[in-house]
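Thanks for coming, everyone. I'll walk you through one structure today, so let me put it up on the screen.

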Amino acid sequence: MTVHDKHAQLLTFLHETRHCDAVNQLIDLDTWTKLPKKGQDYRAKTSAYFQGKIAELWQSDQARKLASYFEDADLTPLSDAQKAGVRIFLEDFAKKNRVPLDMQVRYAGLVSTASVMWKQAVKDADYGTLKPYLKQLFEMTRDMACLIFPGHHPHQSLVLMSEPGADTGVIDRLFHTLREGLKPIHKWALENQPEVDDTAIHKQYDVPTMIKFQTFLASLLGYDLDAGAYAEILHPFSSSVGPHDMRFSSSNENLRHGIFSAMHEAGHAAYGQRSSGEAIQNVVWGGCSGSFHEGQAKFFENILGRSAAFWDYAYPHLQRFFPEFESVSKRQFVLGINRIGRSPRRLMSDELTYNLHPIIRYELERELCDGTLSFDDLHTRWNEKYEELLGVTPKNDAEGILQDMHWAGGLWGYFQNYTLGNLYDGQMWHCLKRDVPGCEDQMRAGDLSNITTWLTENIHQHAQIYLPDVIIKRVSGEGLSAGYYLDYLKTKLEGLYA
Ligand SMILES: [Zn+2]
């Protein structure tokens with residue numbers, strides 16, 4: 001049997017797993033949108049039954065035989081897309097098989113308990129309520145990561161869970177350069193940004209109008225409304241049901257958060273919509289890593305969505321949707337959405353200081369993995385790092401260590417992806433402007449077609465075929481660097497304050 005014959009068998013298996021994923025996504029979507037309260041119990045049973053079937057599939061003889069063949073097979077005759085399918089299969093197989101089943105079950109139970117305890121801890125602003133659960137969850141997640149990716153430092157194994165091919169040594173160096181480079185820009189921005197009244201953007205308006213406007217913006221940015229839809233969940237979310245069915249939603253608590261969470265989620269979804277036919281055929285459609293996904297979401301949200309050029313075209317439309325903005329100038333609005341500050345809260349922070357929040361969590365995770373930080377001291381260390389990096393101390397645990405639910409949800413080793421995504425964006429934006437001269441003028445006229453084509457050809461169509469370091473080298477001729485992003489921020493703020 002040739003490697004091509006075996007690959008054909010693998011494709012059948014991969015199709016089956018992706019169809020199961022699609023059904024899972026639909027169950028999730030329905031659970032968040034239309035599921036009536038009394039239907040929750042039966043839905044939980046249906047969901048658990050389905051999860052069991054998926055686990056059986058991954059632990060079947062068929063999966064085991066494919067894994068043992070492909071672990072040693074010579075893949076030279078296969079195309080890049082076919083090789084990617086093998087890589088993803090082996091990684092998923094390890095995730096589903098190297099962790100004993102009883103550990104997976106205990107882990108799922110712990111995640112659900114910790115998530116409930118997190119809500120209580122936030123309510124009481126008391127880290128102590130969550131601490132024992134968080135400690136257990138961290139230890140279990142770390143041990144699982146080490147079983148799946150053996151032979152590494154535990155922090156490296158944790159990061160590999162969401163970022164294939166990542167190297168914490170490289171991330172450490174990038175983050176060091178970024179931290180140092182952001183300091184003078186932050187200081188300069190705080191001293192030089194013009195004061196404007198931006199209260200109008202922090203208000204909530206008629207929610208159906210906000211949703212209509214967000215959908216309009218998503219479409220303007222290049223999200224394809226024929227291959228997805230706004231899902232009325234009212235909290236930020238994106239869901240990949242199929243290669244041509246990518247849904248998104250947003251928060252609508254105020255206009256600013258509504259607009260930028262919608263752009264962010266539409267960015268995730270648009271990335272998913274643009275996989276090539278070859279990627280779909282080889283079951284490797286969708287985004288290639290956590291950082292790249294966050295990067296594409298932030299490209300919509302920040303690089304395009306917070307630019308003055310974009311609002312040159314979009315602002316009169318905003319005034320059409322919301323007549324309350326007739327007395328607010330475009331300059332006031334653009335400075336308002338780009339106001340630089342020092343928020344202790346990641347989700348309330350500005351584009352520049354946002355980067356420091358994931359760095360703090362990433363560094364704390366490393367100290368926990370090294371064993372140099374204990375859970376007894378974690379919240380104190382959190383506050384110290386906020387003072388050191390942002391010059392602000394959270395007023396209590398709810399505003400500090402408890403603000404994100406990632407850790408209580410078992411998501412350790414993920415945060416670095418948000419900041420890495422921004423670094424990818426800075427470098428990609430540099431290349432896009434090099435390849436598409438006049439793209440900002442086109443954006444001013446409401447034409448983003450060349451930008452969409454560039455993103456599709458250089459990034460999105462490749463789906464999971466190539467890992468981030470391959471894509472960035474192809475596009476820019478070099479590995480990821482923090483310099484492009486720092487230049488982007490500096491140039492942008494200088495332009496805004498001129
Ligand atoms: Zn995101």
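Predicted model: local features only at pLDDT ≥ 70, side-chain atom pairs only at ≥ 80, totals over all residues.

Residue numbers start from 1 along each chain as its sequence is written.

Okay, the overall picture. The protein chain has 22 helices and 2 strands; those are DSSP runs, H or I of at least four residues for helices and E of at least two for strands, numbered from the N terminus. Along its principal axes, the C-alpha trace spans about 70 × 50 × 50 Å.

Next, how is the chain divided into domains? The assignment gives domain 1 at 3-160 and domain 2 at 163-498, and such bounds come from an automatic or database domain assignment. The C-alpha centres of domain 1 and domain 2 are 26 Å apart. Their contact takes 43 residues from domain 1 and 38 residues from domain 2, where contact means C-beta atoms, placed from the backbone, within 7 Å. On the side of domain 1 that touches domain 2, helices supplying at least two residues each include α1 (3-33) and α5 (101-124). And α1 gives the most there, with 11 residues.

While we're on α1, have a look at A8, which is found in that helix. Is A8 buried or exposed? Exposed, because A8 has 12 other C-beta atoms within 10 Å. The C-alpha atoms of A8 and N282 are separated by 9.6 Å, although the two are 274 residues apart along the chain.

Let's go inside. A nonpolar core here is a set of buried Ala, Val, Leu, Ile, Met, Phe, Trp, Tyr and Cys residues joined through C-beta atoms within 7 Å. The largest one has 115 residues, and L217, L221, M263 and A266 touch the most other members. Helix α10, residues 255-273, gives the most to this core, with 9 residues. Both domains take part, with at least three residues drawn from each of domain 1 and domain 2. As for A266, leaving out residues up to four places away in sequence, A266 touches A218, L221, Y223, F248 and F300.

Methods. Contact = placed C-beta atoms within 7 Å. Buried ≥ 20, exposed ≤ 12 C-beta atoms within 10 Å, placed from the backbone.
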